[in-house]
Amino acid sequence: MKKAGKLGMSLLMATMLLVTSACGSGNGGTNTAGADNAGGTSAPAAASSEPAAAPADKKVTLGFAQVGAESGWRTANTNSIKESAAAAGYDLKFSDAQQKQENQIKAIRSYIQQKVDVIAFSPVVESGWDTVLKEAKDAGIPVILTDRAVDSSDTSLYETFIGSDFVEEGRRAGQWLVDKYKDSAEEINIVELQGTTGSAPAIDRKTGFEEVIKSNANLKVIASQTGDFTRAKGNEVMQSFLKANKKIDVLYAHNDDMALGAIQAIEAAGLKPGEDIIIISVDGVKDGFIAASEGKINFIVECNPLLGPQLMQAVQDVLDGKTIEKRIVTEEGVFTSEQAKAALPDRKY
Ligand code: AHR
């Protein structure tokens with residue numbers, strides 16, 4: 001320091017000013033949620049009435065641990081997150097866990113090591129997250145859940161959960177069936193293709209559906225098995241349902257992809273999907289809408305995958321130190337075959 005001449009000192013001061021402004025305003029200079037986090041990308045706002053300088057080159061870093069690429073819904077969800085992060089100017093670190101919890105945990109740990117500003121993820125299954133969530137919390141990195149919930153009793157481990165009400169989706173599917181068969185005296189045999197075992201949508205869509213159909217004793221679930229949210233598994237399991245059961249009246253699939261796989265199995269068995277077997281599914285992706293408009297799916301409960309804009313807003317709010325709702329529920333509708341046909345030309349995903 002002693003050796004620094006006037007010019008050197010000026011340069012040093014300028015550099016320090018730059019560093020201070022970059023550190024103090026990494027996230028708009030108002031980050032309280034992650035203010036003293038290990039990420040070191042933000043610091044408490046200076047005790048000054050001067051507004052913090054705008055960050056010149058420090059981008060917000062968001063680590064996102066995705067479930068996988070198991071369905072059309074997931075592809076649309078991934079695209080929405082990538083596009084929204086780019087539009088927000090965030091540096092997105094994205095990983096695909098291939099439907100494996102251990103891969104997601106690894107990805108989250110690597111985001112903690114990389115000291116990202118915020119971690120977001122869509123948990124493959126509901127249980128087993130407390131340890132890694134605590135690691136993120138100890139590192140001062142806020143976590144946002146999207147799409148699927150965790151069953152942690154300590155809700156301080158995450159900032160918010162943005163996504164659908166899966167129980168309500170199951171109820172909507174069940175209610176359509178109850179209404180359809182309200183005047184029928186015969187027994188209606190239902191087979192169910194569940195989503196990934198242990199995942200929030202599989203658990204909740206089953207719960208909501210059962211809750212509603214029990215009002216009609218004629219509605220009976222005669223077989224229920226996981227199809228892992230994929231077309232291939234939906235096809236395989238439907239084939240075994242058809243082999244084992246003489247009379248199947250209804251298929252309830254927890255997502256469109258499994259319903260689409262099952263439709264192939266039903267057609268291969270010489271039956272007409274949508275007529276010989278009534279089909280209800282969840283999601284409302286384009287391929288599901290096409291099948292519905294052809295009369296092969298009778299009723300679709302929508303699950304909206306376009307969570308990117310809401311997630312980026314939540315990231316910004318958390319970094320700005322704003323209080324955000326612990327639960328942000330996505331709005332969605334339901335579609336009969338006719339409604340799906342009418343909506344198909346405008347369907348974006
Ligand atoms: O978590 C949402 C579910 O996951 C969607 O319904 C399904 O298609 C996806 O794979």
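Reader: Which residues of helix α4 are buried, and what makes a residue count as buried?

Author: In this predicted model, the buried residues of α4, which spans residues 130–138, are Val132, Leu133 and Ala136. The label calls for 20 or more other C-beta atoms within 10 Å of a residue's own.

Reader: How do you know that the buried residues line one face of α4?

Author: Look down the axis of α4: its buried residues fall within an arc of 100 degrees, so they line one face. In general, an α-helix has 3.6 residues a turn, so residues three or four places apart point the same way.

Reader: What does the face turned away from the buried side of α4 carry?

Author: That face has the exposed residues Thr131 and Asp138. Exposed here stands for 12 or fewer such C-beta atoms.

Reader: And what covers the buried residues of α4?

Author: The cover includes α3 (101–113), β3 (118–121) and β4 (143–146).

Reader: Why is α3 called roughly parallel to α4?

Author: The two helices pack at an angle of about 10 degrees, with their axes 10 Å apart. Angles under 35 degrees count as roughly parallel, so α3 is roughly parallel to α4.

Reader: Which residues meet where α3 and α4 pack?

Author: From α3 come Ile105, Ile108, Arg109 and Ile112, and they meet Val132, Glu135 and Ala136 in α4. By class, that contact has 5 nonpolar, no polar and 2 charged residues. Arg and Glu count as charged, so Arg109 and Glu135 are the charged residues here.

Reader: What comes just after α4?

Author: Glycine 140 sits there, with a positive phi of about 75 degrees.

Conventions. Residues numbered from 1 in each chain as written. Predicted model: local features only at pLDDT ≥ 70, side-chain atom pairs only at ≥ 80, totals over all residues. Helix = DSSP H or I, 4+ residues; strand = E, 2+ residues; numbered from the N terminus. Arc of directions from axis to C-beta. Contact = placed C-beta atoms within 7 Å. Axes fitted to C-alpha atoms, helices over the stretch in contact; angles between N-to-C directions. Parallel < 35°, antiparallel > 145°, perpendicular 65-115°, else oblique.
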